[in-house]
Amino acid sequence: MACTSCSTSDGGTPKGCKNNGTCGTDSCNKLTVFDWLSNMSLPNGEAPFDCVEVRFKNGRKEFYRNTEKLTLSMGDIVATVASPGHDIGIVTLTGELVRIQMKKKGINSSSNEVPKIYRKASQKDIDIWSTARDKEEPMKVRARELAIAQKLEMKISDIEFQGDGSKATFYYTANDRIDFRALIKDFAKEFSTRIEMKQVGFRQEAARLGGIGSCGRELCCSTWLTDFRSVNTSAARYQQLSLNPQKLAGQCGKLKCCLNYELDTYMDALKGFPDFETKLVTEKGDAICQKQDIFKGLMWFAYTNNFANWHVLKIEQVKEIIAENKLKNKVSSLEDFAIEIVVEPEKNFNNAMGQESLTRFDQPKAKKKHPKKRKPGENAIVANNNNNPNNKPANNNRQNPVDKNIADKKPVIARKPIIITKNEPKK
């Protein structure tokens, strides 16, 4: 996960904040924790907390004791105790917030069982660590081929090498228990290293690998969610979601963890609603609830003999009808209590640029109008091309001076002829 305040270069290091992944917010790492106590100074005579949080591959975090009194900050690469040998990790949290995190996860900070940090990693340690990390992807492909050859119903999802390269941990998922004793022998013969198999759940697998959810953001389990609570289909029913497993399931194949996020809000809102299975007794027949709008406080009822017509009632009116039914009284009909929902007219969006139509360029071009042919005998002013010394056609765009003179003249109004007649002599 990249820094929220900077972009990333081609090499993968942030270039905006210039901290190269060691900023105070620590947002360049997976499953980050904001150190809101980093700017607070300790009282006089108070020693800093001697435990730090170290992150390994894919969000695996452990707590270690700084027995050597090393000056550590976020982003430092350290060598820690491992069995056997040593491991290499990155410091992600220091100070008093580590004490709170250990208390949250149920780890006794004063216990002697907390492993210790050997030293800051040297360049030789980092080179060995990088070389071992480069072997993981081709090793995973070969390991899957060996597992398929033995027809084991398991999926090897990830491989993590120890920092000194002496041991490789294979993370796998399976529905049932797997007898992989023969598989470990094949792995040890093929890879020539110490092998450790570790089974993880489907949610833990998605958290390790990461990905993009249907919401368009990174998976919660791979960015900030650390505790996986059980999710039931009742959470979808309370929120009136469609029980479609393709929409409710996450990338792990289980129900999405985000179904629990707003469940408490819906449960509090449903406390003021009558039971969904409540029947309303009327003179026209019994009515059953079909739908609820939790935040608007509305319920839709339909008669048992006519499910096509739904009637909208407020929860106050439903409670009033239920109170009458408890007194063994029937109300006349639901129509007396139903309300009308005013549908707002649809707002038409007018695009000022005129680009809302995708077929605006598909209309045929307008045909050019050809000049009408003149009838014989009609007067026309024709430019004399013989006067052109280069014998080029006359420019039709240039205004003809003859036409201009004609246009400037005032129109002549024809008058009726005056006929003078002489008086004829009388007969």
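Start your tour by selecting Y266, which is buried, with a relative accessible area of 15%. Keep in mind that what you have open is a predicted model.

F295 is exposed, with a relative accessible area of 56%. What kind of aromatic pair do Y266 and F295 form? Their pairing is edge-to-face, with 5.3 Å from centre to centre and 70 degrees between the planes. Trace the chain from one to the other and you'll see that this pair links distant parts of it: Y266 belongs to helix 9 (residues 263–270), while F295 is in the loop between strand 10 (285–293) and strand 11 (298–303). They are 29 residues apart.

Next stop: helix 4. Pick out F187 and F191, both of which are buried. How many residues apart are they in helix 4 (residues 181–191)? They are 4 apart, so about one helical turn separates F187 from F191. Now look at the rings. The model has a count of 7 aromatic pairs. F187 and F191 form a tilted one, 5.8 Å centre to centre, with 45 degrees between the planes. Bring in F170 as well, and you have one aromatic cluster made of F170, F187 and F191.

Time for some charges over rings. Show R208 and Y171: the charged end of R208 sits over the ring of Y171, 3.8 Å from its centre. Then show K291 with W300. Here the charged end of K291 sits over the ring of W300, at 4.7 Å from the ring's centre.

In what order do its 5 strands come? This open sheet runs 2-1-4-3-5, with antiparallel pairing. Colour strand 2 (61–65) and strand 5 (117–120), and you've marked the edge strands, each of which pairs on one side only. Averaged over the sheet and with direction ignored, neighbouring strands are turned by 45 degrees against each other.

Zoom in on strand 1 (residues 51–55) and strand 4 (residues 86–93), which pair in the antiparallel sense over 3 bridges. Select V54 and you'll find V91 of strand 4 standing opposite.

Finish with the helices on this sheet. Helix 1 (residues 96–104) lies across strand 1, strand 2 and strand 4, and runs at about 75 degrees to strand 1. Helix 2 (residues 123–134) packs on the sheet too, touching strand 3 (77–81), strand 4 and strand 5. Its direction makes about 100 degrees with that of strand 4.

Methods:
Residues are numbered from 1 along each chain as its sequence is written. This is a predicted model: local features need pLDDT of at least 70, side-chain atom pairs count only at pLDDT 80 or more; totals for chains, interfaces and linings use all residues. Side-chain values use heavy atoms; hydrogens and water are left out. Rings of Phe, Tyr and Trp (its six-membered ring) pair if their centres lie within 6.5 Å; planes under 30 degrees apart count as stacked, over 60 as edge-to-face and the rest as tilted. Helices (H or I, at least four residues) and strands (E, at least two) are DSSP runs, numbered from the N terminus. Buried means under 20% relative accessible area, exposed over 50%, partly exposed in between (1.4 Å probe, protein chains only). A charge sits over a ring if NZ of Lys or CZ of Arg is within 6 Å of the ring centre and within 35 degrees of the ring normal. Two strands pair if DSSP finds at least two bridges between them. Axes are lines fitted to C-alpha atoms, for helices over the stretch in contact, and angles run from 0 to 180 degrees between N-to-C directions. Contact means heavy atoms within 4.5 Å.
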